[in-house]
Structure formats: structure tokens, C-alpha cells
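This briefing covers helix packing and pockets. Look at the sequence and the model before reading the points below.

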Amino acid sequence: MHIQSLSIQNFRNLQPSRLHFSPQLNIIYGNNAAGKTSILESLFILGHGRSFRTSRHSKLINYEQDSFTLFSELYSHNVQQRLGVQRFRNNDVNVRLNQEPLAKLSDLVSLIPIQVLAPEHYELLTKGPSGRRKLLDWGVFHVEHSFLKRWQACQRIILQRNKLLKGSLSYKDLEAWDSQLIPLSDQVNQYRQDYCDSLSPYFHEIASQFLPDVQLSLEFYKGWQGKDLESLLVEQYLKDKKLGYTQSTIQKADLKILSGKRLAADYLSRGQQKLVTTALKLAQLRLAQERGQQYPVFLLDDIGAELDENHQKLLLNFLAKQPEKQQIFITCVHLDPLKSLINRYNNARLFHVEHGAVSIIEASEMNAQ
């Protein structure tokens, strides 16, 4: 899997551009606020239909324009594909794959698996479980594609169950729905648990390089404790009815990151938490390479902003050893720390961004800088 080209129109502060990428290493550099991250953001949208920086799509559209348009040529599932995404200020979206409408944004996830490590994610340990659950489910989906269908079925039943709760007279009014929800929930939980078990050795190996003096582990929490779900749904019926929603569901699941027997967020410094997040993302990348159907595109935003020089070197050494089929995009302010990485790749491409204008830099020009 790799993205061959990207055309950008009316996206944030970027000037209209058509960029051709290396299937291996792409470096995007320039001053702060030049538009580097916007390029990564546009690539992320191709694989998710949304930004990793904001939930307000109107912020992505260039000033005084009605919509932004992204068009990409890519190689996915051993097939050449042409993908276009247009998003309007009123939140309408138009997605076309090979000139045919794509009905579901979720289809983008399997078409273009994209993993991103950005400053926005370094609070993964301290924020609520939603971000960790999304990270977990992204990984599960890319090694077990039947997961999405069962997860979506669970979500629909939970929504219906919550509607029925308010008008129900007894638990019997919910039994038919719960008879479907329970086995689906068990299967979703098993997928998540299996993924956590598969991810753990990769995480332990990589985390030990970044934090050799800290004992770290992963633990999957399914969303409820103690009794099986069938017993809990019966037992909690009256309280669920009073609250108006189901308390024990797969929507409460979490990927717990532990230091010893304690939550890492309660024990580690902010700097150490950033390294844990980095190790977790890299572990997911490695597992997807070995177990997924495609190599994810890996986006690394602003490598110099959050990691000290020693840990930057560890991260760059990791990236220098990636398989030939792995496509990587990195943004940075200064090229010097990345020159050794660039020189290890036969097929690296450099882009300079200034005031939203993107230009290609030849390797000879890089060495002169």
C-alpha cells in the first residue's frame, strides 16, 4: 500500500498543489505554521474521512471557499486506485473511488490504512478511554476485517436498546435485543483481547528501548467487571432504565497501559508518557506489517517538537530499519537531524513548505543546506 500522488485544492492555508510521493520515505520541512502538518492532515483524511487535529470540518476549508478537494492516485490491495474526497462547509461530503460514489466513509479505512503519530496524541494516557479504544479498534480492524461488521451491529443494538429502555415495563421487553447483543459483544471483546495479546510483545520490546528502566504492560478492559454480560444486563435493568442508557457495553472498553500494577498515567512523567505513546504506535505499525493485509502508511508529525535528541535518534533508527514496502511521511523544521535517515534510503523525496506553497527539493540541494 502506498500513496503515489495527491492533488490539494482549498485545504487550509495550502496553495493548490499536485505532489508525487516516494513509495518509501517522504520528508516535508519548513518553518512553523508553513503548512507542513496540513499535508499530513490531508493524507490522513484520505484514509479516515476526518482530520486528526479537529472535528470541525469547516476549519479545513480555505478562507472564503465553499469546500476543499483532495484527489489521490494510490496503490491498494495490489490494484491502482483513484480516490477523490470533497468536503463542504455544511458538512456534506462527496467521496469517489475510481469515479464511482463511495457510500460509506468506513470503507476508506480498509482502502488506505494510515497510522499517525502527532503531538495531538501524546496525551493518550491521560485523556479518557475513547482515544485508546479508537486506537485499539483501528488495530483490530486491520488484522481482523470481520471485526467491523460485528462492532457496527453492536452499536445499532445498543442504540435501539437505549431507546426501548425509557418506555419498557419490564426486562422482558429487552430480552430479544439482548439475545443478539450478548454474543456479538462477546465476539467483539474476544477480537480486542486477541489483538491486545498479539500487540503486547511488540510493545514490550519497543518500549524497553525507549524506557529501559520502566516496567510496562498492556491490559484489555472489556467495559464491565465481574459477572458475565447476560447477568449484568438483567441485574442493572432498573438502573439502566432510570439513567436512560445501558451501563455495561463494549462502548466502555479501554486499553489500559500499566507501569507495574498501576496505571502508567498516574506514575510516569509527561515526557515518559510521550515515549509510551510512541512505542505503542510503533508496535501497532509492526504488528500490522506482520499480520495485516496491507502495510499502513505511517505519518510522523513534527519529530523535533516532543522528543529529546536521544529519543529522536532511537525513533529514526527504528524508521531506518523499516521494510522496503513501508511508506513513511515525516514533517520537521530542520533537516539536519534527518539527513542520516534520508541517506539510508535510495528512494527518498523532500518537500519544502513556505507560506502554504510546496516545492520539491533535490538531494543535492539538501546536502548544500
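An axis here is a line fitted to C-alpha atoms, for helices over the stretch in contact, and angles run from 0 to 180 degrees between N-to-C directions. Helices (H or I, at least four residues) and strands (E, at least two) are DSSP runs, numbered from the N terminus. The model is predicted, so local features need pLDDT of at least 70 and side-chain atom pairs count only at pLDDT 80 or more, while totals for chains, interfaces and linings use all residues. Residues are numbered from 1 along each chain as its sequence is written, and side-chain values use heavy atoms, with hydrogens and water left out.

**Helix packing**

- Helix α8 (residues 270-291) packs against helix α10 (residues 309-320) at an angle of about 0 degrees, and their axes are 12 Å apart.
- α8 and α10 are therefore roughly parallel to each other (angles under 35 degrees count as such).
- In contact, meaning heavy atoms within 4.5 Å, are L275, T278, L282, L285 and R286 of α8 with H311, L315 and F318 of α10.
- The residues of this α8 and α10 contact are five nonpolar, two polar and one charged (Ala, Val, Leu, Ile, Met, Phe, Trp, Tyr, Cys and Pro count as nonpolar, Asp, Glu, Lys and Arg as charged, and the others, Gly among them, as polar).
- Helix α5 (residues 175-210) and α10 pack at about 145 degrees, with axes 10 Å apart.
- From α5, I206, Q209 and F210 meet H311, L314, L315 and F318 of α10.
- The contact of α5 with α10 has five nonpolar, two polar and no charged residues.

**Largest pocket**

- A pocket is an open set of points on a 1 Å grid over the protein atoms alone, where a 1.4 Å probe fits, with protein on both sides within 12 Å along at least five of seven lines; lining residues have an atom within 4 Å of a point.
- The volume of the largest pocket is about 1,300 Å³ (the space filled by probe spheres set on the points, which are joined across faces, edges and corners).
- Its lining has 39 residues, and R50, S130, G131, K134 and L135 lie nearest the centre.
- α3 gives the largest share of this lining, nine residues.
- By class, the lining of the largest pocket has 14 nonpolar, 14 polar and eleven charged residues.

**Second largest pocket**

- The second largest pocket has a volume of about 300 Å³.
- Of its 15 lining residues, M1, Y75, N78, Y295 and K325 lie nearest the centre.
- This lining divides into four nonpolar, nine polar and two charged residues.

Definitions and conventions. Parallel < 35°, antiparallel > 145°, perpendicular 65-115°, else oblique.
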